[in-house]
Amino acid sequence: MKTKMLMMASLLLVLALTGKAQKLLRANFVIADYKTGIQHTVLTYPKFVMGMDATGNITFLKSRGPRDSSPDWGDFEDHSASGIEMIGNLKVTYYGSSDWDKEGKIKSVEGVPFNYYDRFDIHDGKGKLKSIGDEKISYNNAFDIHEKAGTLKSVGNISIQYNNAFDIHDIKGTVKSVGPVKITYYNKLDNESLRGKIRSVKGN
């Protein structure tokens, strides 16, 4: 399956955390031929890189330290107890039992706070990543009547648009744009074997 990565290299957002600046250096969005939605998102910070799947769950965490040779934490699982743990040379804290729906999930990485949707977010999926530092992460929900509920809607000020019922020749749910990047596909006007295959990525 051919995949293409959309690299928002120009993205530079400054997060003021605990008295020192934390910059989101890059956000990579992976899409694939013949598939709908964002397949995977990778967010790069000065001290760590983390992956997020299509359902808003963390999939890996990796240190960017020059002396850290630890592999990607690709077999990531939420922690079973609150406290502090070192992953490579990263200091990671976890939510405790008093945090209800967030218990066992990452609370911070090197001082950068992580937050998640919980029972008070009645229109969104419980447990999905809600923010990293000051960067909000949103998903389409019941109010987005033309979009599939649960699909990634935005990361910070980067919005994601999808082909929907108004795009009559395209497959519903395929990614139409990521920020300024436009994606087109072979559609119902093309040979059947090509429908849903990525035709072009512009503005990247």
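This is a predicted model: local features need pLDDT of at least 70, side-chain atom pairs count only at pLDDT 80 or more; totals for chains, interfaces and linings use all residues.
Residues are numbered from 1 along each chain as its sequence is written, and side-chain values use heavy atoms, with hydrogens and water left out.

Of the 204 residues in the protein chain, 45% are buried (buried means under 20% relative accessible area, exposed over 50% and partly exposed in between, with a 1.4 Å probe and protein chains only). The accessible surface of the protein chain is about 10,800 Å², and carbon and sulfur atoms hold 52% of that surface (Shrake-Rupley method, 1.4 Å probe; for residues, only the protein chains shown count as cover).

Strands S10 and S11 run antiparallel and are joined by 2 bridges (strands pair if DSSP finds at least two bridges between them). The two strands form a hairpin with 2 residues between them, and Glu110 in the turn has a positive phi of about 50 degrees. S11 is also joined to S12, by 3 bridges and again in an antiparallel arrangement, with Tyr116 opposite Leu129 in S12. The covered face of S11 carries Val112, Phe114 and Tyr116, while Pro113 and Asn115 lie on the uncovered face.

Aromatic side chains come next. The structure holds 5 aromatic pairs (Phe, Tyr and six-membered Trp rings with centres within 6.5 Å; planes under 30 degrees apart count as stacked, over 60 as edge-to-face and the rest as tilted). One of these is the stacked pair of Trp100 and Phe120, at 6.1 Å centre to centre and 25 degrees between the planes. Trp100 lies in the loop between strand S9 (90-94) and strand S10 (106-109), and Phe120 in the loop between strand S11 (112-116) and strand S12 (129-132), so the pair ties together parts that are 20 residues apart in sequence. Phe120 is exposed, with a relative accessible area of 62%.

The ring centres of Tyr117 and Tyr139 are 5.7 Å apart and their planes stand at 70 degrees, so this pair is edge-to-face. Tyr117 sits in the loop between S11 and S12 and Tyr139 in strand S13 (residues 135-139), so that distant parts of the chain, 22 residues apart, are linked. Both Tyr117 and Tyr139 are buried. The charged end of Lys128 sits over the ring of Tyr139, 4.5 Å from its centre (NZ of Lys or CZ of Arg within 6 Å of the ring centre and within 35 degrees of the ring normal). Likewise, the charged end of Lys105 sits over the Tyr116 ring, 5.3 Å from its centre. One aromatic cluster is formed by Tyr45, Phe48 and Phe114.

Finally, Asp101 is found in the loop between S9 and S10 and is buried, with a relative accessible area of 16%. Not counting residues up to four places away in sequence, Asp101 touches Asp118, Arg119 and Lys126 (contact means heavy atoms within 4.5 Å).

How values were computed: Helices (H or I, at least four residues) and strands (E, at least two) are DSSP runs, numbered from the N terminus.
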